[in-house]
Every structure is written in structure tokens, then in C-alpha cells.
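Thanks for asking me to look through this one with you. My notes follow as numbered points, to be read with the structure open.

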Amino acid sequence: MVMSESEKGGGGSEAQREAAVLLLGHGSHRSAESSLPVRAAASKLRDDGGFREVRTAFWKEDAHLHHALHTVERPWVYAVPVFTSTGYFTHRIVPRELRASADSLEGYPFRLRILPPVGTRPEMLDLALDRAGDTAARAERREGEGSATDVIVVGHGTRRHPDSGRITRELTRRLDSRWSRGRVTSAFLDEDPSVETALRTLSARRVVILPFFVSRGWHAGTTLPGDLGVEGGRTRFEDRELWYAEPVGTHPELWTVISAMVREAMAGDATAGQVPVENITAGELSTPAARAREDFLRWLARPPAAGRTFLEVRVAPLPDGGFELRHERDGTLDAGVLETRPDPEWAREVAARTDTGAHRPLKTTRDLRRGWRLAPISAQGVWDALGHLYPAAGTHWHLARTGSLSIRTYAEAAGRQTGMFAPVSSLSTEGTATAHRRCCVGRSCLRGVLWPPVGGGAPPPNGTPAADGAGGAVPCPEPCSLLFNAAFEEVRRGSSGQGSSQ
Ligand code: SF4
């Protein structure tokens, strides 16, 4: 039986063992690539970094940012925005959603410290140098050495926030002082200069395009290479040869940058006399997620001895001790035909894609892939695996059982939507019902809606019950980002008679 990370004892300082790290990313409804670097960094921080509890939360994926603290068992939390620059998300969305997360757990003792975005760290220069250097070396192997190679660092930028481009420009300046093959300049997707304009300021015939993004998501994986006509990692612009580098944030050492910044923050807190372990004694400041774990383990230990179903997962005791998890529809299959592993962390991978390989931004949709088996694992391992399969769901299950789940109406949650999504707060009652039907019912979400729609009234039913009737039902306490996407479509339909997907 492989111990889950929460069962491992050693590694890391005392503060690392007593505090939780919460990685915050953008995520995507469309692409699994978007959240991959954040999830990979979380695994490395646990496996190699000595941090006992590392959670992830996203703007567009499960666990959503407004549920971020619902996943965390330790009350002292260091939150790290895994973004390359400061700007709209780090200044507005991240604090607002974490505040919403804390407010929905009113009375619980979180000490939350939000650190600057990882892109502001000086160590990012080494990752950028690595990415640009690897790409230049690839070009030289193909075309030969001898000619200069310039670099264009491409950031998102935005005219709406002066900070957004500043971090990219600072990285560019520092990279230029270390780059020996040519010159380095910057360009932006949403402010000046564009890549084309930047290219006209450079003289080398070979240019590395270096995306200063966290992932190969929508911008660095689709729009930017698409606009440039990149194929096989390269393209041409007039008489220039352009070589497209991997985004800086996909560097496998990203986790070391995060580790350094969290350790530094911990050391600073220790110097200031704010050491978590001095303030927290076992069981004294128990968080909702920690209480949910205890509740779940008690629930698991009680009959029926044949096992229980939690959403689409069957949990069954093994004759020789421990438990197995498998898809409930694989319940009668011989264990030998299922791919079996004993590591609860594998559940993260299982949850990522459907049987056909499609991205699953929402983990509670009825499309968990089949053909896998987690065994043998401990009761604690069951809890940890379910935390990957259904982030925050165990805490909501517990809070609902104990009558302490905080529910937000559609209107309250819609009031936090800003930017292009702000109009969803004016959606009609009929529009909300249609959005619910298209999203919650259409996607076969297994959560049971508790949030009242526009105009009040009973929450809309999702259809089939969520679990085995023995107490395993999981509620939905407030609309998720996919629901607001559907609501946005309804607003557009109402105003223009047509919709589009975000
Ligand atoms: S809003 Fe609907 S789709 Fe989203 S988590 Fe809740 S029930 Fe599921």
C-alpha cells in the first residue's frame, strides 16, 4: 500500500509540515494544458519539496477559486498565484474569490497570506534563459551556428492595467543582459508593441519567440502560434526564421521557484514572530476540510461493509485490509482487467480526462473515465484520492450533513462577476433556468443544486440523485464558472439572438 502524501511523515521544516500551500491558476474550460503546470508543480512540491499539504484552485476549473479554502486542512495557508504578471487577475479576481471562499466558511480560523505572482520572482530569469537557450540550440543544430539569434519575450499585457506589461519588460531587460547570442526585446498580445512591430526593431535573421506564459493554454498554445503560422515549432516572417519556444511556465523547475518564495515567506513570518506551529495545536483550530476528513473516515468505517458509492466512485474494503476505489460501473469487473495502482495521487490523472481523452474542467460531471482501480489504499488514502477526483466535494458533503453549508444565491454569486461577464448579473429568471438546464443538466453534473435562482424560489433540480442514498450526496452551494459561461451565452442570445462559447 503506497502512503498518500498526507500520511508521509518526514521531509521539510516544521513550518512546511504545519502550513498549507495553495497554488492558484487560471485554468480553462477548453484545454487541459492550461492547468497542467500548476498541477505538476503541486505534485513536485509534495513529492520533492517537503510540503505536506499542497492544494490547487482555478478560476475556470475545479476546485474553483471560491472553494479554494474548502479544500485546505491546515489553517495557516500560503497562497501562490501561478501567473506570470501582476494585473487584473492577481489584483482583483484572486483576492475577491479567496475572500468569498473565506466568507463562506465564516468563523473558521484561517490565516491566509497571498504571495505575489510567481512571475515576479527573480528566479524566473533562469527558466526563461533555459527555454530560450534550448530553442536557440535547436535552431543552431538545424541551421548551424555562426549567426546571431535575437529573442522576443511575448507577454499578455493589457491597456487596462499598467502593471501587466511591466513584469515582462523587466524580465526582458534582465534577459538581455545575460543573452550572449543577440538582442532581446518584448512584445505583447494586448498592448504595444506587437510581435510584428518588435521584429522590425531587431536585426538577426534568426529569432526565438519566447512566450512568457504559465502554460500552453489558449494564448501560448493556440492564438499566438496560430497568428504567427507556427508549424513544427518554427515559421518565417519575411526573411526571418522564427523559432517558437515552450512557454516559460512549463519549465519543469517552476516548482523550485514556488518553493523558494514560500520558504522565504515562512522565514519572514518566523522572524516576525508569526510562526504557524506556535499558534496551532493539534485539533484546536480544525478547518472544515479537516473535520470533513474525520467525518468521512467515520462514515467509511460504518456499515454497509460491502462498501459505499461516492458520486461515480465505488469504495470497497479488501479482504486483507485496506480499500479499493473503482468506477461504479466497473463494479462487477474482475480486478485483473482494470489498470491498478496503489498510489492515491494517481487519482489526479484519472480525473483529468474522459474515456475519449476530453478535458474535464468540472470534476463532478458524469463522465469520469472507467478502467482504473486504486488498490490497496488506506482509509486516509481513500479520502486523499477522492480529494483529487472531486475537489472540495468532501467538505461540501460534510458541511451539508452537519447543517453548516453556506449557500449563495445566483444573484449573490453573479454580483462578483466582472469584465465581460458582468452582464450575467442582469439575466432574467427564465435565462437562469435555461443556463441551469444547459449547464448543470446538460453536462450531467452530479452535484445537487442548492442555490436559489434569480427571483428566489426553490433551487432547480439536476435530475438523478447524486449518490447511494446512504449519505453520500454532494450539494452545489453556489454557481460555478461553467454555469456563468452558460448564463453569459443566454445574455448574448437575449441581446443579439446568437451565442458563442468562451
Ligand atoms: S453550477 Fe451546476 S454544473 Fe456547476 S457545479 Fe453546480 S450543479 Fe454542477
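1. A word on terms before we start: contact here means that heavy atoms lie within 4.5 Å of each other. With that in mind, glutamate 61 is in contact with Gly27, Ser28, Ser31, Ser35, Arg39, His359 and Pro361, once its neighbours within four places in sequence are left aside. Please also keep in mind that this is a predicted model.

2. Where does glutamate 61 lie? Its place is the loop between strand 2 (53-58) and strand 3 (76-81). Is the residue buried or exposed? Buried means under 20% relative accessible area, and glutamate 61 has a value of 0%, so it counts as buried.

3. Two polar contacts of this side chain deserve a look on your screen. One joins glutamate 61 to the side chain of serine 35, at 3.0 Å. In another, the side chains of glutamate 61 and histidine 359 are linked at 3.5 Å.

4. Not counting residues up to four places away in sequence, proline 117 touches Pro81, Phe83, Ser85, Thr86, Thr90 and Met261.

5. Next, the open sheet: five strands with mixed pairing, in the order 10-11-12-14-13. Strand 10 and strand 13 (339-341) form the edges, each pairing on one side only. On average, neighbouring strands of this sheet are turned by 25° against each other, direction ignored. Strand 10 pairs with strand 11 (residues 313-317) in the antiparallel sense, over three bridges; phenylalanine 310 has valine 313 in strand 11 as its bridge partner.

6. Two helices pack on that sheet. Helix 10 touches strand 10, strand 11 and strand 12 (323-327), and its direction makes about 145° with that of strand 10. Helix 12 touches strand 10, strand 11, strand 12 and strand 14 (372-377), with its direction at about 25° to that of strand 12.

7. Finally, why is helix 13 (residues 393-401) described as largely enclosed by the rest of the structure? Because seven of its nine residues are buried. These are Ala393, Gly394, Thr395, His396, Trp397, His398 and Leu399. They pack against helix 10 (288-301), strand 10 (308-310), helix 12 (379-389) and strand 16 (475-476). After helix 13 comes glycine 403, with a positive phi near 70°.

Note on methods
Residues numbered from 1 in each chain as written. Predicted model: local features only at pLDDT ≥ 70, side-chain atom pairs only at ≥ 80, totals over all residues. Heavy atoms only, no water. Helix = DSSP H or I, 4+ residues; strand = E, 2+ residues; numbered from the N terminus. Buried < 20%, exposed > 50% of the residue type's maximum accessible area, 1.4 Å probe, protein only. Polar contact = N/O pair within 3.5 Å; in protein donor to acceptor, adjacent residues only side chain to side chain. Pairing = 2+ DSSP bridges. Axes fitted to C-alpha atoms, helices over the stretch in contact; angles between N-to-C directions.
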